[in-house]
Amino acid sequence: MNIRNTLAVLFMAFGLTLAALLVPQVLESNRTYTSTNDQIVVDQARNDVFEAVLALRKGRTALTLLAMRGEAGIGLRDDLAAAVMFLNRAAQTFAMSENAVLRQLSDPLAQQADRLSDNAVDFANITALGDAEAIAAALVMQQQLFVEVQHETLLVRQQILQEVGIPDTVMGALQMMRNYILSVSNALNDDLVLAAPNGPDGNRIGLRQVQSSVDRMTTINQFYSDIASAYRPDTIMVALDLAAYLDSTYLPTLNNYVAAVSGNGNLTAAQRDWATTVNDADLLVNQTTARLFAMSQAHLTSEREEARRMLNMMLILTAFVVVMFGLSLYLVTQHIVRPLTYVQLKINDIAAGHLDPIIRKKLLLRDLDTVFDALRALRISSRRREMLTADRLALNEHIVEAHGILRSEVDAAAKVQLSLLPRPERVGHIRFSSLFQPSSVVAGDTYDFINLSDTRVGLFQIDVAGHGAAAGLVSMAAHISARRALRGIKPDINLAQSVQTMNAHWSPELTYFTALFVEFDATSRVARLVQAGHPHPVLMRKDGKVLRIGQGGLPIGVVDGAVFDMIEFDFDYGDRLLVFSDGIYENFNSEGEIYSEERLVQLLQDNASCSTADLVEVIKSSVVSWNKAGVPSDDVSLVIAERI
Amino acid sequence: MNVPYTKLAGIAIEWGILMSSKINFPIGPDEAKRLRLLQASGFANSLIMPELDALCEDAKTNFDVKFSTISLLTEELQIIKAKAGIDVESTPRDVAFCNYTILTDQNFVVLDATKDARFSNNPLVVGNPHIRFYAGAPLIYVDNIRLGAFCLIDTAPREKFTLGDQAELSEYAERASYLLIKQLRFTA
């Protein structure tokens, strides 16, 4: 799973969680808003239904009074018109409702309104004819109709309550207030009939009837007090005028009437007062109903505004969350995922050796900026390594080529050097044997033996400081000089003097060297030796005696005017002179132990009886075996001169 | 040649000011050897190398700076061997920022020359070309010998010169050294 997929999954989960949290909230807010909006309309219809019920109740009272006294026709028409108007308006409101149950309530209400209208027309026609009996019958029918319509309307009111319910406690309190008003209105309408001067029983209204009215109204008002103790004052205050009037004026007036009926007071005056208060109370009922409606509408409008505010807030919050989510997604994609993908691509490129330039990007996140920067440094580092490798290979090629050239040149020099070395041979009365092992291709050691005259033979051996090509080239120059020095021996110039001349002529720019010069004289059976910093040679007598001879001396080329000593020693038949460079005994074995002159001398003493050829082999094997590598660290050269 | 006295006096005064205002700059321990090798290489002569100018142009674009130069430091002068964005052949040695660059094998960076006591009074800072930012990578010739520097110069200060920038600048210097040494082979 890569970063891109992981982030996609995380963002999806995050987005779904946010949606799960926000969408129900938004829907709930919207539902509350729509619901309060509906409640306002329902409340209007509910109020219309309520007003219709009140109008119908009043209409019934008017019909009763009309039947009693043949008056109040005007009141009846007003109440009827009001009831029809309220019922029709409620029917229209429900017809437009989105709630199917409420829509179904529209038709019954409209039917009731039509029944009232149709009947009113019939009633007006009958009244116009003036037939008292027919009018009386019609009044009864009309009354019956009002009862039925009121009953039907109350049923609709009940259905509204069941379907819509009471949204909150304020509306609950207001609903109870409506019920309270309805009860008061019913009681007042009943009382209005009772208080009518020409009532069904005339002035002979029973004490029990009036007392019943008192008890009924008292109970109703007690209901108001109960509500007042349970609900907020402002919802209850709406009916305070009415309740107070009933308490302070209506009930006392009614009690006066009770007292009058009992014989304590003027019955006619009391009955008139009662009728007046009934009308006043009825007016208060109307006012209270209107206030109640205004209050319920105001409350629901305020609730709707609150719901709208909540809905707006939720929508803004949702929009903000969506924008933030989108912004986060953009930032993560553009400023983290894309750069990381690029870094990954580039690292792979660098690992694969593709070192194209890295795009310079201005990144928002400092961490990634650092990674990009490090990537650029990494690329340069890889480029350098690539260039170094190319340089190294080019250099290797150059070295190989140069080495080949040098090697061929050195090989040529070695061939020249070897060509200067004489083969083992007899020269005059001396037989020369030799051993030559250069430590490098070209040696710093050289030697030669030459015939100086019929009776004299010359020998020299040279060891130039250092070894290798440079020492080899110097040794060749020294070889020529040494030959010249031996040939320079004249009756008046002895070997030592000739060597001194050679030393004087030796170029200071060339390396110094050690040398040993020997002049063998067959006539006098002696040999003369000049030692110039070279190891002391070994003289092996015919009888097996081994001695070191020589007096040391300075190497050639060290001191310009150096003087060299010459020694003369017997060199008779069978005597052997061993001349060697220091390389023969300054060899180190693998333990770092030097071969040493003592070991060499001991070897010679031990093998003094050997033939010269065997002696060379013994020395060779001893020196070679000492050095495990088989290659001496310095040039090894040995010349054995034997008098024959 | 007849030169009016006043002009002579003017020259004398100007020279005197120049001499007295000479800037001190650090000199590495191998300066004598460095000068000898530079002279022996012949790099400081007037031979124009278009590929070095192209390298400067590339660096100028890559680092988004006003000028880019390849400077070689002789005893008296800073020779501008190659350049981009500026047209100058040489400057006196004492005003050269590269004097500091050739002291070590590391890059030398001045983010804001006006805030660096070593350069705040430098004529190239207080006057034309009003250098504020300088980054130089030494042109390493042989061990401990740096003949000059690959320079990035701008008239606006910078807040940073990152490790990636340093690495890339070093590479430019190496490429410049490589081109110079390649030329040495051809002219040897």
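Me: A salt bridge is a side-chain nitrogen of Lys or Arg within 4 Å of a carboxyl oxygen of Asp or Glu. What makes Arg304(A) and Glu305(A) such a pair?

Reply: Their side chains have N and O atoms 3.8 Å apart, so the pair falls within the 4 Å limit. This is a predicted model, in which local features need pLDDT of at least 70, side-chain atom pairs count only at pLDDT 80 or more, and totals for chains, interfaces and linings use all residues. Residues are numbered from 1 along each chain as its sequence is written, chains are lettered from A and ligands numbered from 1 in the order in which they are written, and side-chain values use heavy atoms, with hydrogens and water left out.

Me: Why is Glu305(A) called partly exposed?

Reply: Its relative accessibility is 34%. Buried means under 20% relative accessible area and exposed over 50%, with partly exposed in between (1.4 Å probe, protein chains only). Glu305(A), at 34%, therefore counts as partly exposed.

Me: What makes Arg216(A) and Asp190(A) a salt bridge, and which parts does the pair tie together?

Reply: The closest N and O atoms of Arg216(A) and Asp190(A) are 2.5 Å apart. Arg216(A) lies in helix H6 of chain A and Asp190(A) in helix H5 of chain A, so the pair links parts 26 residues apart in sequence. Helices (H or I, at least four residues) and strands (E, at least two) are DSSP runs, numbered from the N terminus. Arg216(A) has a relative accessible area of 32% and is partly exposed; Asp190(A), with 30%, is partly exposed as well.

Me: Are Glu31(B) and Arg34(B) buried or exposed, and where do they lie?

Reply: Glu31(B) has a relative accessible area of 11%, and therefore counts as buried. Arg34(B) has 3%, so it is buried too. Both belong to helix H2 (residues 31-41) of chain B, three residues apart, about one turn of the helix.

Me: What makes the set around Tyr180(A), Val184(A), Met217(A) and Tyr250(A) a nonpolar core?

Reply: A nonpolar core is a set of buried Ala, Val, Leu, Ile, Met, Phe, Trp, Tyr and Cys residues joined through side-chain atoms within 4.5 Å. The largest one has 43 residues, and these four have the most contacts inside it. H5(A) supplies the largest share of this core, twelve residues. Tyr250(A) touches residues including Leu188(A), Met217(A) and Trp274(A), not counting residues up to four places away in sequence; contact means heavy atoms within 4.5 Å.

Me: Why is the group that includes Phe320(A) and Tyr330(A) called a nonpolar patch?

Reply: Patches are made of residues with over 30% relative accessible area and no salt bridge; like charges are joined within 9 Å, nonpolar side chains (Val, Leu, Ile, Met, Phe, Trp, Tyr) within 5 Å. Tyr330(A), in helix H9 (residues 267-351) of chain A, has 47% relative accessibility and so counts as partly exposed. Together the patch residues have about 660 Å² of accessible area, from the Shrake-Rupley method with a 1.4 Å probe and only the protein chains shown as cover for residues.
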